[in-house]
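Dear colleague,

I am handing over the structure below, and after it you will find my notes on what turned up in it. Please read them beside the coordinates.

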Amino acid sequence: MHSPTAKVSGYIVLMIVQIIFLILFWLFVRYEKAVLPQAIGAEDAGSANEHVSKYPQFQDIQVMIFIGFGFLMTFLRKYGYSATGYTLFMAALVVQWSILMKGFLHMESGKISLSLENIIDADIAAAVPLISMGALLGRTTPIQLLCMSIFEVALFAANEYLALNVLSICDCGGSITVHAFGAYFGLAVALMLRPASDQNEAGKHEGANYLSDISAMIGTTFLWVYWPSFNSVLADGAGGERAILNTFLSLAAATVTTFVVSALVSHENKLDMVHVQNSTLAGGVAVGTVCNLLLGAHGAVLIGIIAGTVSVLGYRYLTPWLTSNLRLHDTCGVHNLHGLPALISAIASAIYASMVTVDDYQSELEDIFPAMVGNNGTATKIMGGLGRNASSQAGYQLFGIVVTLLIAIGGGILTGAVLKYTNFRNLQKDEHHLDEQYWEVPALENKEE
Amino acid sequence: MHSPTAKVSGYIVLMIVQIIFLILFWLFVRYEKAVLPQAIGAEDAGSANEHVSKYPQFQDIQVMIFIGFGFLMTFLRKYGYSATGYTLFMAALVVQWSILMKGFLHMESGKISLSLENIIDADIAAAVPLISMGALLGRTTPIQLLCMSIFEVALFAANEYLALNVLSICDCGGSITVHAFGAYFGLAVALMLRPASDQNEAGKHEGANYLSDISAMIGTTFLWVYWPSFNSVLADGAGGERAILNTFLSLAAATVTTFVVSALVSHENKLDMVHVQNSTLAGGVAVGTVCNLLLGAHGAVLIGIIAGTVSVLGYRYLTPWLTSNLRLHDTCGVHNLHGLPALISAIASAIYASMVTVDDYQSELEDIFPAMVGNNGTATKIMGGLGRNASSQAGYQLFGIVVTLLIAIGGGILTGAVLKYTNFRNLQKDEHHLDEQYWEVPALENKEE
Amino acid sequence: MHSPTAKVSGYIVLMIVQIIFLILFWLFVRYEKAVLPQAIGAEDAGSANEHVSKYPQFQDIQVMIFIGFGFLMTFLRKYGYSATGYTLFMAALVVQWSILMKGFLHMESGKISLSLENIIDADIAAAVPLISMGALLGRTTPIQLLCMSIFEVALFAANEYLALNVLSICDCGGSITVHAFGAYFGLAVALMLRPASDQNEAGKHEGANYLSDISAMIGTTFLWVYWPSFNSVLADGAGGERAILNTFLSLAAATVTTFVVSALVSHENKLDMVHVQNSTLAGGVAVGTVCNLLLGAHGAVLIGIIAGTVSVLGYRYLTPWLTSNLRLHDTCGVHNLHGLPALISAIASAIYASMVTVDDYQSELEDIFPAMVGNNGTATKIMGGLGRNASSQAGYQLFGIVVTLLIAIGGGILTGAVLKYTNFRNLQKDEHHLDEQYWEVPALENKEE
């Protein structure tokens, strides 16, 4: 099982996957009409420009996915090649797969239309297995990550379709469909891969050192500054601007709160870098689902305070409990950064949905809560309010998170079982959190001098 | 005084501050009309989009504040957690406080209007205490930084109002109101907290190592590339484009000059990383106040050459002199990066203002030098030129910097006195520039192997 | 030759160059009309805004040049000051020089018009000597880099003018004019500076350590995420959006392929960081020249797969062969990241050009292949197709790369001869890849404790 042959066959499978992608792109994907040259003499439709106005936000999200996630995970002192390298690899794999999977759900006359929107969606989808990888960091092989990504993104696309298009819930920043899904899927996989009960102590290479903690802050800070782009990219007009403002304020409040709670609950009241690296971002997740709603500045700040508090307490008390009682190891604490704050966001969305009125949301109701509008969806019908009422929408929001959790956990358990019981090589305890299993690593620095 | 109780009460005060912010947001802050949903059937006013066109520049400034300042200050080899962490904490605190403080000065019918503009202003305001923190880096507790930020941002908002709205000076890139204010405020605090004369030597943990110098370059480089956004974000149209071009050229010239002067004045003619990390940016500060004026490319380049030269000479000769003669420690050399170049910018603004004519500035005169326009401010009146004349505007520019210096230094002395003589815990000499006072720090790496 | 005097005179030359730039800016450069204030009462022409819509892409390119190149080159463990510092210095020098050089080729009534376009072009030009520096990294003095930059950028501007304006080839992302030119120029200089045959082994300080490999990933990742901006910035409308999509897909496919091929050809099938840092980006280069053409998603993915494969194989087999047989040292492997993928791009451009029809490209033909349009260039004439036919355009594409290679290699040999045989100080073998020749470097960390 440990022979180079196993590695070689894994990478050959990966090459085959890439070639299958190539064939599927060739068969099914075509540029959208607005991305094709205009007929000579045609009016400038300007539709290409409309897409491209989202381009700066797309680039911000690119930085979040590749730099943000990649460097946040470099906190492990002997796993930095893998953190940055596997992030690049998984994101590059998933963006292609997601264009295809999400495309198949929205085909027109048998073809997938390709435009900037698709690659924005693809970058968002790439966040999902990267979140899950955070729960497993250092305990899987790249080939297991490949397998997990393929399963997970297919399920993610299906669940997102169900939540947004069938259940018609609001989830502007994706806290339900992206963060909750990715976190609980990853935790379910981690539960399946949990160590034998006599091997439950932390791995000897698990943990940060001074410099790896600082390089992780590169990830944290880029995630922090660009989070408003992540939450607002799919919103338009005034709703998009509210998404920016609410996310910014929630992050700010969560950050201040993180420092307070971290100092109050930590040993000798010293600040803990794990909290600063992660819980400061909880405000972005917790405001995600509701970021385009009429929260008011105080609503956003309140959500941030709650998120920062819950996240730090989760790191301090819940994660150790899960590790010792369920043998559930969550290397990056994705439960505290993505899982719990996403639950807060889902609950907040039910509360705010229950208070929605046509008077407040006016012409935006149709965009944000389409199911609350009459069947033919015209502005006139909005006034009539023939659709779902507010408490019913609130119920759907809760239903949406419950369904997401069931699919994520079910899918994660299944995926974990495949990784554990089929022919995959599983890393042994002493191989955990160590680049040198899969990377050529230079000799130690002090020997070089 | 050194007991954990002191720390705990500090953090509890911080929590109370955050809750007061929450209440003030709830009482006073409302979304601006353009951020609210449009009435059904209303024409698309497009005003939301107008704000949002500044969004990419806002994001650049976010990177400057959080990544730029944070990583530039990681040059201290044992203070990287604090550099990145306190930057995150102070910026998150100040953006909220600044929305409130600047909002109170511009309330309409008792409410503060919230839009993207406010958070752009808030990010700019966050630069002010971060500049001051650079002067004090490693010699304050986080609770002292909290206290300083609250005082300083209130004074900054008042001074900015005075300079821009009352004195009507031009200061497009904020060199007077942001850089000079932040630098001299911080230096005044540092003067008040200066060591006893028998403790004036450098702290034993002060200084960089090889890797901390490189991580500081992350900060430098992001500040460099995004500085045109900082200087141009508040300008419009052609003035905004000139601000970009002038800032870019001034930075380029300052950078080349920094390398020359650094090599010429340093030991064995070797380049000094401190100069490269800081003086290369002096071009951005020195061009700030005048960046939207008709400098011409040569004007911008000349300002950059002067700024790079003055800044390196400041690091090489003036800072050591201030330390040994006034016991004024300026950890990051903010005087050379922000203080002196801001003075250059103020002087340049007087020179260029003295040459302003209606023929040159045409329709932009009203935006850039509103006091030079007749009382009713119409285009016709511009032709009449009933307002301030050019030499009078030049005088006001100089008056603006003098007032700013007085308020900054006065406010800094007062704040320093509060930090020193009231109940705050002051760090002792051997606690300086050391994360482990306030952070859980992992054991040394070489012991981990 | 090794005396400080040599250094001093080098830096004085640099100062003189900066002052000459100042004078040339003063004599020849003026703001473009749209960057000047509008006449009072004039309609808002909106032309300034049109430029500024490229501003976010410009900023992405800034990050690529300064952060991307700078940090990618920090992989050398004792050359990080130089990697980040010289990048800053050379880019700051070259952007000024390139505004002048490219401006002289497009003067109107004896003046160079300055607008955002010029500094976008300047940033792209800065990539050229930075690519060449990659081939020489660690084996030149800063003064040699200065000299090389001045020669190279002048030649680059001339060659680009020849290729785009005279030969009228398409090269949207600059793979021919920027990447091939920079790579082969640098390699030619490296060939001229090659070591004596008894000194051909690798320098003792050449190579990465664990932390320098991770900081290089900062560069890689920013280059990756912003590459679509580099390739699309000079394209407009639908062509610009295609450039984004094709570049994104090619990068993703190259990245997955790099992981596969790296594992398959490396020792013990372990991944090699050199490949991950560099070959993942080969997809961006290989798609460059053709990125705005109608490749289809499958075309972009196929180009990425080929580029990733060729680039890794180049690192694994070709570079060691060139080193041992030609004594051609290529420190960063620019031949594999820029050279070979640019050749792929040129060949791809001939293939795609040979298939161009008016029916496919419609109104964009005029922009993308102007020589294929009738002499007076009107839309009517396009229909007539009086210009070059498709196979002739394909021939011109190949002619363009051949001419570029000749000029780059010829210019590089000449420049290398100047650096070697004239009065420049050449670094000795044991001074290679070592910051401390030209930088003040702190004592080793372990001695500081």
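A residue counts as buried here when its relative accessible area is under 20%, and as exposed when that value is over 50%. The model is a predicted one, and please keep that in mind throughout.

By that cut-off C:K54 is buried, since its relative accessible area is 18%, whereas C:D236, with a relative accessible area of 53%, is exposed. The side chains of these two residues, C:K54 and C:D236, meet in a salt bridge with an N to O distance of 3.3 Å. C:K54 sits in the loop between α2 (47-52) and α3 of chain C, and C:D236 in the loop between α8 and α9 of chain C, so the pair ties together parts that are 182 residues apart in sequence.

Chain B holds a salt bridge between B:D236 and B:K54, again at 3.3 Å from N to O. Here B:D236 belongs to the loop between α8 (210-232) and α9 (237-265) of chain B and B:K54 to the loop between α2 (47-52) and α3 (55-72) of chain B, so parts 182 residues apart in sequence are tied together by this pair. B:D236 is exposed, at 52% relative accessible area, while B:K54, at 18% relative accessibility, counts as buried.

A further salt bridge in chain C joins C:R425 to C:E431, whose closest N and O atoms are 3.1 Å apart; in this case both residues, C:R425 and C:E431, are buried. Over all chains the count comes to 15 salt bridges.

Turning to the interfaces, I begin with chain C and chain A, where 66 residues of chain C are in contact with 67 residues of chain A. The area buried between these two chains is about 5800 Å², and carbon and sulfur atoms give 75% of it. On the side of chain C, the residues that lose the most area to chain A are C:Y210, C:E241 and C:F248, which together make up 12% of what that side buries. Between chain C and chain A there are 0 salt bridges, but 18 residue pairs are in polar contact, both residues being at pLDDT 80 or more. Among the elements of chain C that give two or more residues to this side are α3 (55-72), α8 (210-232), α9 (237-265) and α12 (296-326), and the largest share, 18 residues, comes from α9(C). By type, the residues of chain C that touch chain A divide into 39 nonpolar, 17 polar and 10 charged.

As for symmetry, chain C can be laid on chain A with an RMSD of 0.0 Å by a turn of 120 degrees and a shift of 0.0 Å along the axis, which is the relation of a three-fold axis. The residue of chain C that comes closest to the rotation axis is C:P56, with its C-alpha at 3.6 Å. The copies use different surfaces, in that 11% of the contact residues of chain C recur in chain A.

Between chain A and chain B, the contact takes 67 residues from chain A and 67 residues from chain B, and about 5700 Å² is buried, 74% of it on carbon and sulfur atoms. A:Y210, A:E241 and A:F248 supply 12% of the area that chain A buries against chain B, more than any other three residues. Across this interface of chain A and chain B the rule finds 0 salt bridges.

With best regards

Technical notes. Residues are numbered from 1 along each chain as its sequence is written. Chains are lettered from A and ligands numbered from 1 in the order in which they are written. This is a predicted model: local features need pLDDT of at least 70, side-chain atom pairs count only at pLDDT 80 or more; totals for chains, interfaces and linings use all residues. Side-chain values use heavy atoms; hydrogens and water are left out. Contact means heavy atoms within 4.5 Å. Buried area is the accessible area (1.4 Å probe) that two parts lose on being put together, summed over both. A salt bridge is a side-chain nitrogen of Lys or Arg within 4 Å of a carboxyl oxygen of Asp or Glu. A polar contact is a pair of N or O atoms within 3.5 Å; within protein, one must be able to donate a hydrogen and the other to accept it, and residues adjacent in sequence count only if both atoms are side-chain atoms. Helices (H or I, at least four residues) and strands (E, at least two) are DSSP runs, numbered from the N terminus. Ala, Val, Leu, Ile, Met, Phe, Trp, Tyr, Cys and Pro count as nonpolar, Asp, Glu, Lys and Arg as charged, and the others, Gly among them, as polar. Copies are superposed by least squares on the C-alpha atoms of residues with pLDDT of at least 70 in both. Buried means under 20% relative accessible area, exposed over 50%, partly exposed in between (1.4 Å probe, protein chains only).
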